[in-house]
Amino acid sequence: LGIGTLHMIQMAMFVVLPHALITRGGLAAAAHWQVYLPAVLVSFVIMVPAIIAAEKRDKMRPVFLGAIALVAVVQLGLSLLADGLWTLALWLMLFFVAFNILEATLPSLVSRTAPPAAKGAALGVYNTTQAIGLFIGGAGGGLIAQNLGDNAVFAVCTVLAMVWMAVAVSMNFPQRRVASSATHA
């Protein structure tokens, strides 16, 4: 559910975000990289320490759930509070913080949770679900935007993230494995 939902949201969002950058942000399409590149770079600088801290302190659950919540907040913000270039850029950077955290943690969770004999199958299902999410997000985002407008896409993405959060709250997270320093004779 997680990886499919994340990629549905990403694709649906990017169906309408370029239009929002032009109409709300006044930024020509050829200049969109000036928002995307800094947003990705800054988000990476924020995401890496968050992941490292979560792993070292065995706090993956709150970081993971916080990232899902951030996806929902970003989508709601894009729907209601994105009326200029700077607010759009801020929401986009926050989206990439959450997205990058989730992109780093989801396959790790699948790999740690799946029984050794089923890891390959679990990761295959994971990858297939990711591709399905990409397709549904792009197609669904286009249909929603065409029939209901850009803000409806962000609103639907908010609901998707909230459904994902409701499911993720009940997840069991594997404990961090601590390497043993004892030597075996």
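Trainee: In which helix does Val125 lie?
Mentor: Val125 lies in helix α5. Please keep in mind that this is a predicted model.

Trainee: Is Val125 buried or exposed?
Mentor: Val125 counts as exposed, because its relative accessibility is 53% and the cut-off for exposed is over 50%.

Trainee: How far is Val125 from Thr113 in space, C-alpha to C-alpha?
Mentor: The two C-alpha atoms are 14 Å apart, and Val125 and Thr113 are separated by 12 residues in sequence.

Trainee: How many residues does α5 have, and what length does it reach?
Mentor: Helix α5 covers residues 119-148, which makes 30 residues. From its first C-alpha to its last it reaches 41 Å, close to the 44 Å expected at 1.5 Å a residue.

Trainee: Which residues of α5 are buried?
Mentor: They are Tyr126, Gln130, Gly133, Gly137, Gly141 and Ala145. An α-helix has 3.6 residues a turn, so residues three or four places apart point the same way.

Trainee: Let us step back to the chain. How many helices and strands does it have?
Mentor: The chain has six helices and zero strands. Along the sequence the pattern therefore reads α-α-α-α-α-α.

Trainee: What are the spans of the chain along its principal axes?
Mentor: The C-alpha trace spans about 70 × 30 × 25 Å along those axes. The chain has 185 residues, and 39% of them count as buried.

Trainee: What share of the contacts join residues at least 24 apart?
Mentor: Among contacts between residues at least 6 apart in sequence, the share is 80%.

Trainee: Now α2, please. What span should its 24 residues have, and how far apart are its ends?
Mentor: At 1.5 Å a residue, α2 should span 34 Å, and its end C-alpha atoms are 34 Å apart, so the two values agree.

Trainee: Which residues of α2 are buried, and what covers them?
Mentor: The buried residues of α2 are Val35, Ala39, Ser43, Met47, Ile51 and Ala54. Their cover includes α1, α3 and α4.

Trainee: What follows α2?
Mentor: Asp58 follows α2, and it lies in the loop between α2 and α3. The phi of Asp58 is near 55°, a positive value in a residue other than glycine. Most residues other than glycine have a negative phi.

Trainee: Why does Asp58 count as partly exposed?
Mentor: Asp58 counts as partly exposed because its relative accessible area is 35%, and that class lies between 20% and 50%.

Trainee: Let us turn to the core. Which residues touch the most other members of the largest nonpolar core?
Mentor: That core has 47 residues, and those that touch the most other members are Leu6, Phe64, Leu78, Leu102, Leu106 and Trp164. The elements giving two or more residues to this core are α1, α2, α3 (60-80), α4, α5 and α6. Of these, α4 gives the most, with 13 residues.

Trainee: What does Leu78 touch?
Mentor: Not counting residues up to four places away in sequence, Leu78 touches Met13, Leu17, Arg24, Leu88, Trp91, Asn151 and Phe154.

Trainee: Where is Ser79, and is it buried or exposed?
Mentor: Ser79 is in helix α3. Ser79 is buried, because its relative accessible area is 14% and buried means under 20%. Leaving aside neighbours within four places in sequence, Ser79 is in contact with Asn151, Phe154 and Ala155.

Trainee: One last topic: pockets. What is the volume of the largest pocket, and which residues lie nearest its centre?
Mentor: Its volume is about 320 Å³. The largest pocket is lined by 16 residues, and Leu1, Gly2, Ile3, Leu106 and Val110 lie nearest its centre. The elements that give two or more residues to this lining are α1, α4, α5 and α6. By class, the lining of the largest pocket has 12 nonpolar, four polar and no charged residues.

Trainee: What of the second largest pocket: what is its volume?
Mentor: The second largest pocket has a volume of about 190 Å³. Its lining includes Leu27, Pro38, Trp86 and Met93. Two or more lining residues come from each of α2 (33-56) and α4.

Terms used
Residues are numbered from 1 along each chain as its sequence is written. This is a predicted model: local features need pLDDT of at least 70, side-chain atom pairs count only at pLDDT 80 or more; totals for chains, interfaces and linings use all residues. Side-chain values use heavy atoms; hydrogens and water are left out. Helices (H or I, at least four residues) and strands (E, at least two) are DSSP runs, numbered from the N terminus. The expected span of a helix is 1.5 Å times one less than its number of residues. Buried means under 20% relative accessible area, exposed over 50%, partly exposed in between (1.4 Å probe, protein chains only). On a 1 Å grid over the protein atoms alone, a cavity is a set of points where a 1.4 Å probe fits but cannot get out, and a pocket is an open set with protein on both sides within 12 Å along at least five of seven lines; lining residues have an atom within 4 Å of a point. Grid points are joined across faces, edges and corners, and a volume is the space filled by probe spheres set on the points. Ala, Val, Leu, Ile, Met, Phe, Trp, Tyr, Cys and Pro count as nonpolar, Asp, Glu, Lys and Arg as charged, and the others, Gly among them, as polar. A nonpolar core is a set of buried Ala, Val, Leu, Ile, Met, Phe, Trp, Tyr and Cys residues joined through side-chain atoms within 4.5 Å. Contact means heavy atoms within 4.5 Å.
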